[in-house]
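This briefing goes through selected features of the structure shown below, grouped by topic. Keep the sequence and the model open while reading.

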Protein chains: 4
Amino acid sequence: MKASVVGASGFTGGELCRLVDGHPEFELAQATSREYANRTVGHVHPNLRHVDLRFTEPDELERVDVLFAATPHGVSMNNVDAFRAAADTVVDLSADFRLSNEAAYDEWYDGHDRPELLAEAEYALPELNRENLPGADLIAAGGCNATATILGLLPLFEADVLSGDEQVVVDVKVGSSEGGAGGGRASSHAERSGVVRPYAPTGHRHEAEIQDFLGLDVSFTVHAVDMVRGAAATCHVFPDEPVSKGDLWSAYRGSYEEEPFVRLAAGGGGVYRYPEPKAVAGSNFAEVGFELDPANRRLVVFSAIDNMMKGSAGQAIHAANIAVGLAETAGLESTGFHPVGAP
Amino acid sequence: MKASVVGASGFTGGELCRLVDGHPEFELAQATSREYANRTVGHVHPNLRHVDLRFTEPDELERVDVLFAATPHGVSMNNVDAFRAAADTVVDLSADFRLSNEAAYDEWYDGHDRPELLAEAEYALPELNRENLPGADLIAAGGCNATATILGLLPLFEADVLSGDEQVVVDVKVGSSEGGAGGGRASSHAERSGVVRPYAPTGHRHEAEIQDFLGLDVSFTVHAVDMVRGAAATCHVFPDEPVSKGDLWSAYRGSYEEEPFVRLAAGGGGVYRYPEPKAVAGSNFAEVGFELDPANRRLVVFSAIDNMMKGSAGQAIHAANIAVGLAETAGLESTGFHPVGAP
Amino acid sequence: MKASVVGASGFTGGELCRLVDGHPEFELAQATSREYANRTVGHVHPNLRHVDLRFTEPDELERVDVLFAATPHGVSMNNVDAFRAAADTVVDLSADFRLSNEAAYDEWYDGHDRPELLAEAEYALPELNRENLPGADLIAAGGCNATATILGLLPLFEADVLSGDEQVVVDVKVGSSEGGAGGGRASSHAERSGVVRPYAPTGHRHEAEIQDFLGLDVSFTVHAVDMVRGAAATCHVFPDEPVSKGDLWSAYRGSYEEEPFVRLAAGGGGVYRYPEPKAVAGSNFAEVGFELDPANRRLVVFSAIDNMMKGSAGQAIHAANIAVGLAETAGLESTGFHPVGAP
Amino acid sequence: MKASVVGASGFTGGELCRLVDGHPEFELAQATSREYANRTVGHVHPNLRHVDLRFTEPDELERVDVLFAATPHGVSMNNVDAFRAAADTVVDLSADFRLSNEAAYDEWYDGHDRPELLAEAEYALPELNRENLPGADLIAAGGCNATATILGLLPLFEADVLSGDEQVVVDVKVGSSEGGAGGGRASSHAERSGVVRPYAPTGHRHEAEIQDFLGLDVSFTVHAVDMVRGAAATCHVFPDEPVSKGDLWSAYRGSYEEEPFVRLAAGGGGVYRYPEPKAVAGSNFAEVGFELDPANRRLVVFSAIDNMMKGSAGQAIHAANIAVGLAETAGLESTGFHPVGAP
C-alpha cells in the first residue's frame with residue numbers, strides 16, 4: 001500500500017516518514033514540505049540520511065492509499081477535501097478533528113471551519129475505541145498528553161472505580177519535541193536545558209479531549225522538563241470509595257492484558273519501578289502503573305509514553321493499521337533502548 | 001567567628017564549606033570527613049581546589065562558635081552532645097531535630113534517641129518563624145522539599161485563604177543532588193539521565209514536616225527529573241471559597257515583600273514567567289508564583305529553590321546569621337546565573 | 001537458530017538481548033546473569049519489560065547455535081572452552097580475543113591466559129575484514145572507540161592518502177554507557193552530568209587495536225561528555241601530500257558506497273552537516289565525514305557511532321550474521337530517531 | 001564608580017549586569033537594549049528578577065566611569081566614539097579591537113572600519129599582558145576559546161618548551177551560550193541536546209587571536225557539546241625536545257602560582273583529576289593541567305573555563321579592575337559550585 005506524509009519536515013512528520021519507510025506493508029510515496037521541497041528527507045531528519053527520497057510541494061499530492069497529515073492546527077480543516085481526494089484513508093495528527101462537537105472548538109480553539117465533518121471523523125486511541133476504526137476514512141489520532149492521561153485513567157472507569165465526578169489532578173511532564181521544530185527563544189538550548197517550567201499552568205487544550213472521551217473534568221497542569229521525547233502523566237485521584245491494590249491490579253490487568261502496546265509497571269524492585277518515559281522512548285509502548293496513598297485517600301496513577309510515538313506518529317500508524325485491516329503491530333514492533341540518555 | 005562543618009565530604013557539607021569560606025564574618029575552622037581525612041577539601045569538591053584546607057577526623061572537633069552538622073539522618077541525634085560541647089550554636093541539617101514530637105519520629109522515622117531535646121531545638125525556616133531563632137543554640141534547618149512547599153503555601157494561611165482542612169496535592173520535581181554523594185545504580189548517569197521517575201510516589205517524610213509546621217495534610221508525590229540541584233513544588237490547591245488574582249497578589253506581597261530571599265514570579269511575559277529552579281540555581285532565593293484555574297475551582301502554586309542552598313546549606317547559614325546576630329544576608333548575597341544548563 | 005547472551009545484565013548484554021529478541025532468524029534461548037538469576041530480563045532492562053524471559057545462571061549453558069559473550073575483560077579467556085562447547089559460533093564482545101599477538105596483551109593488558117587461541121580468533125569489523133568472517137567460530141567484535149576511529153581512517157589507507165607513518169591525533173568523545181552498568185562516584189549523575197572530562201588522556205587500550213588493524217600509531221585521547229550512548233572520533237590527520245576534496249570524496253565513496261551501515265556526511269547545509277552520535281543513536285549506522293584545513297595542511301575526519309550498537313552489540317550481530325550466512329542487515333534494520341535528546 | 005552595559009539583553013550583557021551589580025566598587029548605571037527598552041532587566045535575565053533596573057535605549061548613554069560593550073561583532077567599531085565620549089574606560093567584549101592589525105581583519109573578518117584605533121586598543125588577557133592594562137582606555141577582552149587555549153599553552157612558551165613552529169592541534173568543546181541568545185533551529189533544545197557536533201571544523205576566527213598573541217599557528221577545531229556554559233580546550237602538543245613531568249610542573253607553577261584566577265589540576269586521585277568546565281562554572285577561574293604521552297612524543301594540555309566568565313564578562317571585569325586601579329579580584333571572588341548539572 002502507498003502512503004504519504006503531509007507536513008513531513010516537522011518532528012511528527014519526520015517520525016511518520018521513519019515509520020512508513022520501515023513498515024512492512026506501506027511504501028513511502030511522498031513526503032511534503034513547502035520549505036524544504038526538493039531537498040532530501042535526510043537533510044532535515046538526519047536519522048534518514050540513507051533514505052532516497054526528496055520532499056515535494058504539498059499541493060502536488062499523488063494518489064495513495066493512506067495519507068498522514070502532520071500539519072499545524074487549523075491546516076487540516078482547510079485542506080481536508082484535498083487530502084480525502086488523494087487517499088482512501090486520511091489520518092490527521094492535529095487537533096482539527098479530535099473533538100466531537102463544534103462548541104468545544106469554540107471554547108478551546110478558534111472555532112471550526114468544517115464542523116459538519118466532526119461527526120464523521122473517528123477519534124483514535126485504540127485502547128479506548130478500536131472498534132470504531134476498521135474502515136474509517138477520516139481519523140483523528142489522539143493528542144499526546146491526553147493519550148497519556150486517558151490510558152492511565154481508563155481502567156478506573158472500566159472497573160467502576162471512577163464515574164466521572166471525582167476530583168482528579170493531572171500533573172504532566174513533557175519534553176521539548178512537543179513544542180515542534182520551530183524554535184524560538186524559549187525553546188533554545190540555553191534557556192530550555194535543565195528546566196522544570198510551568199508550560200501550561202492551567203487551561204491546556206487537552207483537558208477538552210479528556211473531558212470528551214473520559215467524561216471527566218481534570219485539573220490539568222503541564223511542566224516542561226529536560227528531555228526531548230516523552231510525556232509522563234501523574235494522576236492524583238480521589239475515589240469516592242476506598243480501593244485496594246488487588247482491585248487495582250484486577251482493573252488494570254483487565255483493561256490491558258491483551259493490549260499489544262500497554263505495559264504495567266507498579267512497584268516491584270530495581271531501578272525502574274514505575275512507568276518512565278526513558279523505558280518507552282523510541283517505542284509505541286505506553287507504561288501505566290499506580291500506587292495507593294491510604295492516609296490521603298488518594299490513588300496515584302503514573303503513565304508514560306514517547307510523545308512522538310504513542311503520542312502521535314506511532315498512534316497514527318496503529319490507527320491506520322486497524323483502519324485498513326493490517327496487523328495492529330505492523331511497523332511498530334521496535335522496543336525502546338536501555339540505557340538511553342534523555343529520550 | 002569560627003565555624004566548622006561536620007560531614008563535609010557530602011554534597012551539603014561541601015556547599016557549607018563554600019559558603020562559610022566566602023562568608024564575611026565566619027572563618028572555616030574545620031571540615032570533617034572520616035573517609036577523606038587529611039585530603040584537601042578540593043579533592044572532593046573541585047570548586048574549592050584553591051582553598052587551603054584539609055579534612056579532619058570527625059572526633060577531633062575544635063572549639064568554634066558555630067557548628068554545622070551535615071551528617072545523614074540518625075547521626076546528629078547520637079552526637080549532639082559532642083557537637084554542643086564544641087560550639088555555642090549547632091545547626092543541624094538532617095531531619096533529626098526538625099519535628100516537634102517523638103510520636104512523629106515513631107511514625108515517619110525509626111524513633112528518636114534523644115526525644116527530650118525536641119522541645120529545645122528550633123526549626124528554622126526563617127520566613128515562617130525567624131522570631132524563634134535569635135540566640136537559639138540547637139537549630140534544625142528545614143528540609144528541601146518541605147521548604148519549597150511551605151514557602152508556596154504559607155501566604156495562603158497568613159491571608160486565611162487556607163485553614164488547614166483543604167485538599168492540596170503537592171507534586172514535586174527534584175534533582176539528583178537530593179540523593180546525596182553516595183551513588184548506586186539508580187543514580188548512575190546512564191540510568192538517571194533524562195528521567196521523569198516517581199521517586200517517592202507516596203509517603204515522603206517531608207509530609208510530616210509540612211503537617212507539623214503548616215498544620216496541613218498534603219498529598220505529596222516526588223519525581224526525579226534531569227537536573228542536579230533544584231526542587232520545584234507545584235501545589236494544586238482547592239480552597240473552600242473562590243479567590244481572586246488580586247487577593248492572591250495581596251497575600252503573597254503581604255507575606256514576602258520584605259523578605260530578602262523570596263521573589264514573586266506569576267505570569268507576565270518573556271520566557272521565565274513562573275518560578276523555575278534554573279532562575280535560582282546557585283542562590284539562596286526562593287521563587288513563588290501562582291495561577292488561577294476557575295473552571296476547576298483550583299489554585300496552582302509554584303515554588304522553586306536550589307535544594308543545596310535555600311533547601312539546605314543556604315538556609316542553615318541564614319538561620320545561623322539570625323541566631324548569632326549577623327545581617328540575615330551575610331554570605332548569601334550571590335544571585336544565580338543566566339543562562340545556565342541543568343542547574 | 002538459537003542464540004544465547006552471557007553477561008546479559010550489563011549494558012551490552014541487554015542490548016544483545018534486545019537485538020536477538022527482535023532478530024528474524026534468532027531465538028533468544030538464554031540470558032545469563034549471576035546477580036539477577038531468576039529475575040526477569042525486564043527487571044534490569046526496562047525496555048524489555050514485555051519480554052517473557054528470566055536470567056539464568058551462567059554455568060548452566062544450553063546448547064545453541066550462536067553464543068554472545070558480553071562479559072568483562074578477562075572472563076572470556078577463562079571460559080572460552082565452555083562457550084565453544086555450548087555453541088558452534090562464539091562472538092566475544094570483550095577485548096580478550098581482539099589483538100593478534102600475546103605481546104600486545106602483555107603491553108596493554110595483564111597478559112593472556114590462552115594465547116594459542118589468538119591466531120584462531122577473527123577480529124570483526126566487517127567494513128575492514130568481512131572476508132574473514134564466513135564460517136568463523138570464534139569472533140572478537142571490534143571495540144567502540146577503535147571502530148569509530150578505524151572507520152574514519154580506513155578509506156585514507158585504501159586510497160593511499162595515508163601509509164601508516166603520518167601524524168594523527170584522535171580526540172574521542174564518549175557517553176557514559178562506555179563505563180558499564182557498575183556505577184561508582186565518578187559515574188553518578190550529579191558528578192557526571194554536563195562534563196567535558198579527560199577520561200583517558202593518554203594510553204587508552206584501543207590504541208593497540210588501531211595499531212594492530214590499521215598499522216598506524218595514533219595519539220589518542222578520550223573525553224567523557226554528556227550523553228549516554230555514542231562515540232564520536234575526530235581525527236586530525238596530517239598527510240604527507242596535499243589532498244583535495246574531490247580525492248577525499250572518491251576515497252570515502254569508494255570504500256563505503258556499498259556498505260549497508262556507513263553513511264557519509266561531509267558539509268552541505270542544514271543543522272546536521274557532519275557525523276553526529278545523535279543522528280545514529282539506536283541504529284547500527286556509522287557516519288563518516290571530513291573537512292579540509294589547507295592553512296594547516298590538515299585533514300579533519302569525523303566519525304560517529306552508537307557505541308552500544310555499531311560499537312558493540314550491533315557489530316556483534318552483524319558479524320554473527322556473516323559468520324552463519326544470514327543477510328548482513330538481518331535484525332539491524334532500524335534507523336535512529338529525530339529528534340532525540342542526549343542519545 | 002559608575003558603570004554601564006551596552007547590549008545588556010544578550011547573554012554576556014546579562015552576565016556583566018550581574019557582575020557589575022554585585023561589584024563592591026561599581027554601581028550599575030545603565031543597561032541598554034533596543035529590543036527590551038523599558039522592561040526590567042529581570043524580564044530577560046531571571047536571575048536578576050530582584051534587581052530594580054530597566055533597560056534603556058542604547059543611544060541615550062549617560063556619562064559613566066566604565067562602559068562595557070557586549071554587542072555583536074561590527075557594532076563596537078561603529079559606535080566606539082560614542083562609547084568613549086560616555087566613559088573614561090571602554091571595555092569591548094566583541095572581536096572588534098582584539099587583533100593588532102588591519103590585515104588580520106581583512107583575512108578573518110570583513111575588514112575594519114576604524115583601523116587607526118587598533119594600535120591604541122589593548123588586548124586583555126591579564127595572565128598574558130596585565131602590564132598593558134593600567135590606565136588603558138580602550139580594552140578588548142580576549143575571546144573565550146582563545147583564552148582557554150592561550151592559558152593552556154602560555155607556560156610552555158614562557159618556559160621555552162615551545163617556540164612557535166611546533167605542531168599543535170587544539171580540539172575545543174563548547175556550550176550553547178557561545179552561540180548567543182538569538183536562537184534558531186540549530187540551537188533549539190530538541191536539536192542541540194546531547195550533541196557532539198563539529199561546530200567549527202576548521203577556520204575558527206580565534207585561530208587569528210592565538211596566532212597574534214602566542215605567535216603560534218594551531219590546527220583548531222571546535223565541537224558543540226551538551227552544556228550551556230563552558231569551554232574546554234585540549235591541546236595536543238608535539239614539542240621538538242622531550243619534556244618531563246617535573247619540567248612541566250615547573251613551567252606551569254612558574255607561570256601561574258601567583259595568579260588569582262588560575263588553578264592547576266593535573267592528575268592526582270578522585271573524580272576530578274584534570275581541568276573541567278563543571279569545576280569552574282560560575283567562577284572566573286581557569287583550570288589548566290597536562291599529561292605526558294611519551295610513546296607518541298606528545299604532551300596533552302587541558303584547560304577549562306566558564307566562557308561567560310573567564311571567557312568574556314569576568315575577563316572584562318578583571319581587565320577593568322586593573323585599568324582603573326582596583327584590586328584584581330574585586331567583584332570576582334565567587335567560586336563555582338559542587339555538584340552542578342550541565343554548567
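Helix H3 (residues 75–86) of chain C lies across S1, S3, strand S4 (87–92) and strand S6 (138–141) of chain C, and runs at about 150 degrees to S4(C). Helices (H or I, at least four residues) and strands (E, at least two) are DSSP runs, numbered from the N terminus. Angles run from 0 to 180 degrees between N-to-C directions, and axes are lines fitted to C-alpha atoms, for helices over the stretch in contact. This is a predicted model, in which local features need pLDDT of at least 70 and side-chain atom pairs count only at pLDDT 80 or more, while totals for chains, interfaces and linings use all residues. Residues are numbered from 1 along each chain as its sequence is written, and chains are lettered from A and ligands numbered from 1 in the order in which they are written.

**The sheet of chain C**

- Six strands of chain C form an open sheet in the order S2-S1-S3-S4-S6-S5, with parallel pairing. Two strands pair if DSSP finds at least two bridges between them.
- Strand S2 (27–31) and strand S5 (122–124) of chain C stand at the edges with a single partner strand each, so one side of each has no neighbour in the sheet.
- On average, neighbouring strands of this sheet are turned by 25 degrees against each other, direction ignored.
- Strand S1 (residues 2–6) of chain C is joined to S2(C) by four bridges, and the two run parallel. C:Lys2 has C:Glu27 in S2(C) as its bridge partner.
- Helix H1 (residues 11–21) of chain C packs on the sheet and touches S1, S2 and strand S3 (64–69) of chain C. The direction of H1 makes about 170 degrees with that of S1(C).

**The sheet of chain A**

- In chain A, six strands form an open sheet in the order S2-S1-S3-S4-S6-S5, and the pairing is parallel.
- The edge strands, strand S2 (27–31) and strand S5 (122–124) of chain A, each pair on one side only.
- Strand S1 (residues 2–6) of chain A pairs with S2(A) in the parallel sense over four bridges. A:Ala3 stands opposite A:Leu28 in S2(A).

**Nonpolar core**

- Which residues touch the most other members of the largest nonpolar core? Of its 467 residues, they are A:Phe68, B:Phe68, C:Phe68 and D:Phe68.
- A nonpolar core is a set of buried Ala, Val, Leu, Ile, Met, Phe, Trp, Tyr and Cys residues joined through C-beta atoms within 7 Å. A residue is buried if 20 or more other C-beta atoms lie within 10 Å of its own, exposed if 12 or fewer, and partly exposed in between, with C-beta atoms placed from the backbone.
- Neighbours within four places in sequence aside, C:Phe68 is in contact with C:Ala3, C:Val5, C:Val6, C:Leu16, C:Val91, C:Leu93 and C:Ala316. Contact means that the C-beta atoms of two residues, placed from the backbone, lie within 7 Å.

**Covered elements**

- Helix H8 (residues 206–214) of chain B has seven of its nine residues buried, so it is largely enclosed by the rest of the structure.
- The buried residues of H8(B) include B:His206, B:Glu207 and B:Phe213.
- Among the elements covering them are helix H4 (102–108), helix H6 (144–158) and S9 of chain B.
- Strand S8 (residues 196–200) of chain C is mostly covered, with four of its five residues buried.
- S8(C) is joined by four bridges to strand S9 (residues 219–225) of chain C, and the two run antiparallel. C:Pro198 stands opposite C:His223 in S9(C).

**Helix packing**

- The axes of helix H6 (residues 144–158) and helix H9 (residues 245–256) of chain A come within 8 Å and cross at roughly 105 degrees.
- H6(A) and H9(A) are therefore roughly perpendicular to each other (65 to 115 degrees; under 35 counts as roughly parallel, over 145 as roughly antiparallel and the rest as oblique).
- In chain D, the axes of helix H6 (residues 144–158) and helix H11 (residues 309–324) come within 8 Å and cross at roughly 100 degrees.
- D:Cys144, D:Thr147 and D:Ala148 in H6(D) meet D:Lys310, D:Gly311, D:Ser312 and D:Gln315 in H11(D).

**Chain contacts**

- 42 residues of chain D are in contact with 42 residues of chain C.
- For chain B, 42 residues are in contact with 42 residues of chain A.
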